[in-house]
Amino acid sequence: MEKKKSHTKKLSAAGLLIAMGVVYGDIGTSPLYVMKAILEENGGISTVTNDFVLGAVSLVFWTVMLLTTVKYVLIALRADNHGEGGIFSLYTLVRKGGKYLIIPAMIGGAALLADGVLTPAVTVTTAIEGLRGIPDFYQEFGNNQNIIVVITLVILLLLFLIQRFGTDFVGKAFGPIMFLWFTFLGLMGLLNIPYDFSVIKAINPYYAVHLLFNPDNKMGIFILGSIFLATTGAEALYSDLGHVGKKNIHFSWPYVLMCLMLNYAGQAAWILHSKGNPSIEGIENLNPFFQILPDGWMIFGVSFATVAAVIASQALISGSFTLVSEAIKLKLLPRMRIMYPGKSIGQMYIPAINLILWGACSLIVLTFRTSSHMEAAYGLSITVTMLMTTFLLYHYLLQTGTPRVLATVMLVFFGTLEGFFFVSSITKFFHGGFVAVAMALLILAVMYIWHRSNRVQENASQDVRFKDYLPQLQELHEDDKIPYYQTNVVFLVPRLEGDEIPQQFIYSILDKRLKRAKAYWFVNVEVTDEPYTEEYSVDMMGTDFIVKVKLYLGFRIAQDVNVYLRQIIHDLMKEGRLPKQPQHYSLTPGRQVGDFRFVMIQEELSNTTKLAKWDRQVMQARLAIKHHTVSPERWFGIEYSEVTYETVPLIVGETRKTWLKERKQPSI
């Protein structure tokens with residue numbers, strides 16, 4: 001798999017184009033709403049001063065420069081996990097540093113998923129609102145927001161519907177379109193900068209700092225909540241590292257940065273030129289991005305912005321699928337059905353997540369209606385993810401030999417900067433930010449339940465020694481008086497360390513129903529820190545009928561157990577470690593491999609379990625969630641195999657003792 005993906009990560013013209021389409025979608029649509037949000041929060045174009053405009057552009061420039069360029073492009077991209085990026089990949093690199101590191105990973109991952117819900121709603125709505133700048137549209141509908149909402153909902157519906165068909169074809173067009181989009185942004189900025197060349201002074205950080213304490217700035221330091229919208233795509237940039245490779249990002253980012261800054265400068269120059277113009281100050285819901293377009297370009301601009309918004313949304317949706325898949329492999333979320341409609345494993349589709357994202361996006365559009373209201377919810381969740389990434393990056397730098405002083409400087413500098421942005425964004429809590437917080441907390445709750453329940457089971461469930469039961473298993477294997485249950489009986493076990501195994505699997509063979517077989521397979525899947533590992537190890541315990549298999553699979557590899565077992569059994573027979581299983585009756589002449597039956601153990605929490613009240617609630621919540629997730633046979637790729645379910649009591653911790661007394665019957 002590593003070889004298959006490596007060609008897309010080399011520095012090349014194709015790689016640079018792919019980076020344009022995949023990596024920068026979110027940050028590339030920021031000019032649609034950043035200056036608009038800044039103006040609205042300060043009272044509109046009629047209230048701004050020269051110092052305010054210069055300070056706002058300076059804040060945007062230095063925010064993108066420090067957070068996106070320095071932190072993510074120059075520092076975070078170094079923390080690649082065999083070419084993969086994102087907060088879960090970063091966690092797998094540092095998790096040996098302490099069990100507590102799972103906490104920032106869970107918080108950051110939950111917040112990033114919440115951001116994936118808001119991005120499509122904000123960007124598409126903002127683009128469609130540009131239709132009001134078209135005279136014919138405005139004469140027909142005026143400021144009627146209902147038509148904007150309907151068009152936005154239709155576009156979102158179509159966007160989420162096409163996910164099930166894969167995005168290979170559309171994906172090939174993303175790069176060239178986004179390259180043209182960034183070029184368009186830069187050219188529009190260049191056309192408007194001549195209105196007031198003083199905007200070039202905004203490169204001086206003095207104007208940024210001065211604005212925070214300038215009485216012209218009615219928001220004070222809280223203006224950073226709107227400024228932060230310019231860099232919300234930085235975390236997505238890191239998450240998409242595996243699609244294009246760091247070299248392509250390093251070489252394409254300067255062009256993207258230049259085009260973005262030219263557009264912001266052009267919008268600022270237009271604002272300075274236009275303030276005081278009654279006809280412009282009277283425009284309701286003024287958006288400088290669309291106003292800087294030349295006469296007659298509005299239809300083209302709105303159409304292009306809509307396409308860019310859809311591409312940005314597509315990137316966030318695909319990123320959400322990848323993020324959820326990684327969380328499942330790391331046992332932070334329950335298993336869900338994953339499909340691969342495209343030609344590559346990266347083109348995945350998770351129906352449940354797609355439905356949830358569509359429903360949440362549509363609900364946000366219907367509830368908030370205007371992009372201005374949505375922007376209040378946007379940005380808050382991503383500041384949380386950035387703070388968590390900074391904390392994990394600190395541990396990564398320490399583990400890779402960076403001097404503690406430098407790592408601490410990085411932590412304090414970016415932690416403080418992002419802390420200011422977080423405080424500024426939290427002021428939007430009651431204006432819509434509560435939506436992002438609620439979504440993140442809901443996702444985090446599921447992650448906590450899943451992680452905590454796994455820990456409870458691992459720490460308290462009863463294991464038995466395999467060797468203690470070898471004589472019974474040997475006798476059952478050779479007992480001709482008992483008919484074969486199946487040629488190969490396979491158990492998927494949650495752990496397989498040393499000589500120990502959870503007792504329910506031995507119980508199933510000997511006590512539930514005698515299961516005589518030619519071979520007993522105990523298979524455990526271990527998700528590795530590397531994304532594309534495909535390895536296995538075998539321990540037959542000195543027998544020719546017991547096969548303990550550990551599959552070492554990367555966190556981005558599908559866990560198709562059935563496929564891997566076919567290879568392993570042929571390998572073992574070829575080496576003479578496992579007797580052949582000739583089949584007299586078969587469609588395949590000379591078949592040497594017998595039939596398989598997978599025995600799946602369904603757990604029900606035992607009423608006799610003595611468990612702490614909170615842990616019992618967690619375990620019951622886990623079992624309730626499992627009823628609404630994908631079945632194990634679908635997850636492990638064995639839905640077309642013989643599968644038998646058995647229910648066993650889940651006994652966690654000590655068994656509650658009973659103290660019944662015999663009631664003596666009176667003698668007659």
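This note walks through a predicted model in numbered points, from the whole chain down to single residues.

1. **Before you start.** Residues are numbered from 1 along each chain as its sequence is written, and side-chain values use heavy atoms, with hydrogens and water left out. Because this is a predicted model, local features need pLDDT of at least 70 and side-chain atom pairs count only at pLDDT 80 or more, while totals for chains, interfaces and linings use all residues.

2. **The chain as a whole.** The protein chain holds 28 helices and 10 strands. Both kinds of element are DSSP runs numbered from the N terminus: helices are H or I with at least four residues, and strands are E with at least two. Of the 668 residues, 56% are buried. Here buried means under 20% relative accessible area, exposed means over 50%, and partly exposed is in between (1.4 Å probe, protein chains only). Among contacts with a separation of 6 or more, 82% join residues 24 or more positions apart; a contact means heavy atoms within 4.5 Å.

3. **Empty space inside.** Rolling a probe the size of a water molecule over the atoms shows where empty space is left. How many cavities of 30 Å³ or more does a search of the whole structure find? It finds three, and the largest cavity has a volume of about 230 Å³. A cavity is a set of points, on a 1 Å grid over the protein atoms alone, where a 1.4 Å probe fits but cannot get out; its lining residues have an atom within 4 Å of a point. Grid points are joined across faces, edges and corners, and the volume is the space filled by probe spheres set on the points.

4. **What lines the largest cavity.** There are 25 lining residues, and those closest to the centre are Leu112, Ala236, Ser239, Gly319 and Ser320. Helices H3 (25-28), H7 (102-129), H13 (234-239) and H18 (298-329) each give two or more residues to this lining. H18 gives the most, with eight residues. By class, the lining has nine nonpolar, 10 polar and six charged residues. In this scheme Ala, Val, Leu, Ile, Met, Phe, Trp, Tyr, Cys and Pro count as nonpolar, Asp, Glu, Lys and Arg as charged, and the others, Gly among them, as polar.

5. **A helix pair to look at.** Two packed helices are described by the angle between their axes and the distance between the axes. The axes of H6 (residues 87-94) and H7 come within 9 Å and cross at roughly 175°. That crossing is why H6 is roughly antiparallel to H7. The axes are lines fitted to C-alpha atoms, for helices over the stretch in contact, with angles from 0 to 180 degrees between N-to-C directions. Angles under 35 degrees count as roughly parallel, over 145 as roughly antiparallel, 65 to 115 as roughly perpendicular and the rest as oblique.

6. **Who touches whom in that pair.** Ile87, Phe88 and Tyr91 of H6 meet Ile102, Pro104, Ala105, Gly108 and Gly109 of H7. This contact has six nonpolar, two polar and no charged residues. H6 is mostly covered, with seven of its eight residues buried: Ile87, Phe88, Ser89, Leu90, Tyr91, Thr92 and Val94.

7. **Met447.** This residue lies in helix H23 (residues 433-460). Is Met447 buried or exposed? Met447 counts as buried because its relative accessibility is 0%. Beyond neighbours within four places in sequence, its contacts are Phe88, Met106, Gly109, Ala110, Leu113, Ala327, Leu332 and Leu333. The C-alpha atoms of Met447 and Ile328 are separated by 9.5 Å, although the two are 119 residues apart along the chain.

8. Leaving out residues up to four places away in sequence, Thr68 touches Ile27, Thr63, Val73, Thr231, Ala234, Leu237 and Trp253. Ala230 sits in the loop between helix H12 (224-227) and H13 and is buried, with a relative accessible area of 2%.

9. **Two positive phi values.** Arg369 has a positive phi of about 65° although it is not a glycine; it belongs to the loop between helix H19 (351-368) and helix H20 (371-377). Arg369 is partly exposed, with a relative accessible area of 30%. Met541, also not a glycine, has a positive phi near 55°. Met541 is in the loop between strand S5 (534-539) and strand S6 (546-554), and is buried at 16% relative accessible area.

How values were computed. On a 1 Å grid over the protein atoms alone, a cavity is a set of points where a 1.4 Å probe fits but cannot get out, and a pocket is an open set with protein on both sides within 12 Å along at least five of seven lines; lining residues have an atom within 4 Å of a point.
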